[in-house]
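The following exercises are to be worked through with the sequence and the model in view. Each task is followed by a solution in steps.

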Amino acid sequence: MGQKKHAMMRAEDQEAAALGIARRAGVLDYCEIHHVHSHDGGEIEPAYKLGNSLFSSGELEGIFDDRREMTDAIKAAVDSCMPECYSCERLDDD
Ligand SMILES: [Zn+2]
């Protein structure tokens, strides 16, 4: 029970870290108004590179056990993003 909760929190930490890395690498955009990450279809590679350098410097210690786990999380986070902030898109249409 406790272990399951820990695993869930860990998954949330990993997703948040992956989104942060992709955002800092310029792979994802972030809408400050609606707090939504978006991905316009650009290369994901810069996020992997940034993630690897952060991993090497120890900044991701306790979040990811290895680089593979990290790149998988980055890919999943980017893939889960909409092409653009759907709330902004909806406002544009009005
Ligand atoms: Zn928005």
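A residue is called buried under 20% relative accessible area, exposed over 50%, and partly exposed in between (1.4 Å probe, protein chains only). Helices (H or I, at least four residues) and strands (E, at least two) are DSSP runs, numbered from the N terminus. The model is predicted: local features need pLDDT of at least 70 and side-chain atom pairs count only at pLDDT 80 or more, while totals for chains, interfaces and linings use all residues. Residues are numbered from 1 along each chain as its sequence is written, and side-chain values use heavy atoms, with hydrogens and water left out.

**Exercise 1. The chain as a whole**

Task: Determine how many helices and strands the chain has, and in which pattern they follow along the sequence.

Solution. 
1. The chain contains 4 helices and 2 strands.
2. Their order along the sequence is α-β-β-α-α-α.
3. The C-alpha trace spans about 45 × 35 × 20 Å along its principal axes.
4. Of the 94 residues in the chain, 31% are buried.
5. Contact means heavy atoms within 4.5 Å. Among contacts between residues at least 6 apart in sequence, 60% join residues at least 24 apart.

**Exercise 2. The nonpolar core and its surroundings**

Task: Identify which residues of the largest nonpolar core touch the most other members.

Solution. 
1. A nonpolar core is a set of buried Ala, Val, Leu, Ile, Met, Phe, Trp, Tyr and Cys residues joined through side-chain atoms within 4.5 Å.
2. The largest such core has 19 residues, of which Ala22, Leu28, Leu60, Phe64, Ile74 and Val78 touch the most other members. At least two residues of this core come from each of α1 (2-24), α2 and α3 (67-79).
3. Beyond its neighbours within four places in sequence, Val78 contacts Ala22, Val27, Leu28, His39 and Ile44.
4. His39 lies in the loop between β2 (36-38) and α2, and is buried at a relative accessible area of 16%.
5. Ala17 belongs to helix α1. The C-alpha atoms of Ala17 and Ile63 are 7.9 Å apart, although 46 residues separate them along the chain. Not counting residues up to four places away in sequence, Ala17 touches Ile63 and Phe64.

**Exercise 3. The zinc site**

Task: Name the protein donors of the zinc ion, and explain why their arrangement is tetrahedral.

Solution. 
1. Donors are N, O and S atoms within 2.8 Å of the metal (3.2 Å for Na, K and Ca); water is not among the atoms, so sites may look incomplete.
2. The protein donors are Cys31 (SG), His34 (ND1), Cys85 (SG) and Cys88 (SG), which lie 2.0 to 2.4 Å from the zinc ion.
3. Four donors count as tetrahedral if all angles lie between 85 and 135 degrees. The 4 donor atoms here subtend angles of 101 to 114 degrees, so the arrangement is tetrahedral.
4. Along the chain, the donors have the spacing C-x2-H-x50-C-x2-C. Distant parts of the chain are linked by a pair of them, 54 residues apart: Cys31 in strand β1 (residues 29-31) and Cys85 in the loop between α3 and α4 (86-93).
5. Both Cys31 and Cys85 are buried.

Note on methods:
Four donors count as tetrahedral if all angles lie between 85 and 135 degrees; four count as square planar and six as octahedral if opposite donors are over 155 degrees apart and all others between 65 and 115; anything else is irregular.
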